[in-house]
2 protein chains.
Amino acid sequence: MPIVVGFIPTKEGRAALDRAVEEAQLRNERLIVVSSNKGGENFSRDVVQFDDELEKVTKDLEARGIEFDVHGLVRGNEPAEDLVEIAEKQNATLIVIGLRRRSPVGKLLMGSNAQRILLDANCDVLAVKPN
Amino acid sequence: MPIVVGFIPTKEGRAALDRAVEEAQLRNERLIVVSSNKGGENFSRDVVQFDDELEKVTKDLEARGIEFDVHGLVRGNEPAEDLVEIAEKQNATLIVIGLRRRSPVGKLLMGSNAQRILLDANCDVLAVKPN
């Protein structure tokens, strides 16, 4: 049963992807990369960069020789909804997400997407921080 | 580098322990079970049950044939503090915690211990739900 990872082009998103690849290799499972963009007014400006990023991810995963799918979704959903829905449909055993590090001084609250995924996912969730 | 699991005698705590055992076997790592109780006024009433539970856990882990330690801590800390501190001292690669399922109607917020562990841990955190 596959592993689902939420990808965004930030250091947190890349950390989640790297770790998800390791988990997929360790468990010998297929990896499903979900890049969910809510869309909306300013979306067309970002769409080229978004496509470029997913192409880079695809090439990187091909080079690593694992079985994978990449889903780029733009359908007005919050990323949490897309991730949880795909994980359920695909019977995933694990969702991997990136979390921001709390700053030494700041009281960082958990992002609403991370919190929703952790609470709503039927499967286990691995929360990864960038190095 | 070991895997740290927070244990409490609830279905969430047991789910976390079971999953942590699987992860320790998969990665061939030592498991550190941390059972942290803040203590305080009513603690003496619970202490016998608390010891019994940890003894059961110890026997169960011995039967499964994995390398492990059990730490029963009562030093006035929140469980989150104890877990994060031990994970850091032991250079853990992973902390496993149990999370409650969100009820279909209820808006369950994440417990403060879970949220603190997720935000404060230096290592990855695997959040597990009971079946």
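Q: Is Cys123(B) buried or exposed?
A: In this predicted model, Cys123(B) has a relative accessibility of 11%. The cut-off for burial is under 20% relative accessible area. Cys123(B) therefore counts as buried.

Q: What is the relative accessibility of Cys123(A)?
A: Let's turn to the cysteine of chain A. Cys123(A) counts as buried. The value behind this is a relative accessibility of 10%.

Q: How many disulfides does the structure hold over all chains?
A: A disulfide needs two cysteine sulfur atoms within 2.5 Å. For the sulfur of Cys123(B), the closest cysteine sulfur is in Cys123(A), and at 20 Å that is too far for a bond. Over all chains, the number of disulfides is zero.

Q: Which helix holds Ala114(B), and is Ala114(B) buried or exposed?
A: Ala114(B) belongs to chain B, in the helix that spans residues 112-120. Its relative accessible area is 10%, and the limit for burial is under 20%. So the helix is α4, and Ala114(B) is buried.

Q: Which residues does Ala114(B) touch, not counting residues up to four places away in sequence?
A: Leaving out residues up to four places away in sequence, we look for contacts of Ala114(B) from elsewhere in the chain. The residues it touches are Ile97(B) and Leu99(B).

Q: How far apart in space are Ala114(B) and Val70(B), C-alpha to C-alpha?
A: Along the sequence, Ala114(B) and Val70(B) are separated by 44 residues. In space, the C-alpha to C-alpha distance between them is 20 Å.

Q: Are α1(A) and α1(B) roughly parallel or roughly perpendicular to each other?
A: Each of these helices covers residues 11-27 of its chain, and their axes are 11 Å apart. They pack at an angle of about 80°, and angles of 65 to 115 degrees count as roughly perpendicular. The answer is therefore roughly perpendicular.

Q: How many charged residues are in the contact of α1(A) with α1(B)?
A: From α1(A) come Arg19(A), Glu23(A), Leu26(A) and Arg27(A), which meet Arg19(B), Glu23(B), Leu26(B) and Arg27(B) of α1(B). Two residues of this contact are nonpolar and no residue is polar. The number of charged residues is six.

Q: How do α3(A) and α4(A) lie, roughly parallel or roughly antiparallel?
A: Helix α3 of chain A (residues 79-89) packs against helix α4 of chain A (residues 112-120) with the axes 8 Å apart, at an angle of about 25°. Angles under 35 degrees count as roughly parallel. So α3(A) and α4(A) are roughly parallel.

Key: Residues are numbered from 1 along each chain as its sequence is written. Chains are lettered from A and ligands numbered from 1 in the order in which they are written. This is a predicted model: local features need pLDDT of at least 70, side-chain atom pairs count only at pLDDT 80 or more; totals for chains, interfaces and linings use all residues. Side-chain values use heavy atoms; hydrogens and water are left out. Axes are lines fitted to C-alpha atoms, for helices over the stretch in contact, and angles run from 0 to 180 degrees between N-to-C directions. Helices (H or I, at least four residues) and strands (E, at least two) are DSSP runs, numbered from the N terminus. Angles under 35 degrees count as roughly parallel, over 145 as roughly antiparallel, 65 to 115 as roughly perpendicular and the rest as oblique. Buried means under 20% relative accessible area, exposed over 50%, partly exposed in between (1.4 Å probe, protein chains only). Contact means heavy atoms within 4.5 Å. Ala, Val, Leu, Ile, Met, Phe, Trp, Tyr, Cys and Pro count as nonpolar, Asp, Glu, Lys and Arg as charged, and the others, Gly among them, as polar.
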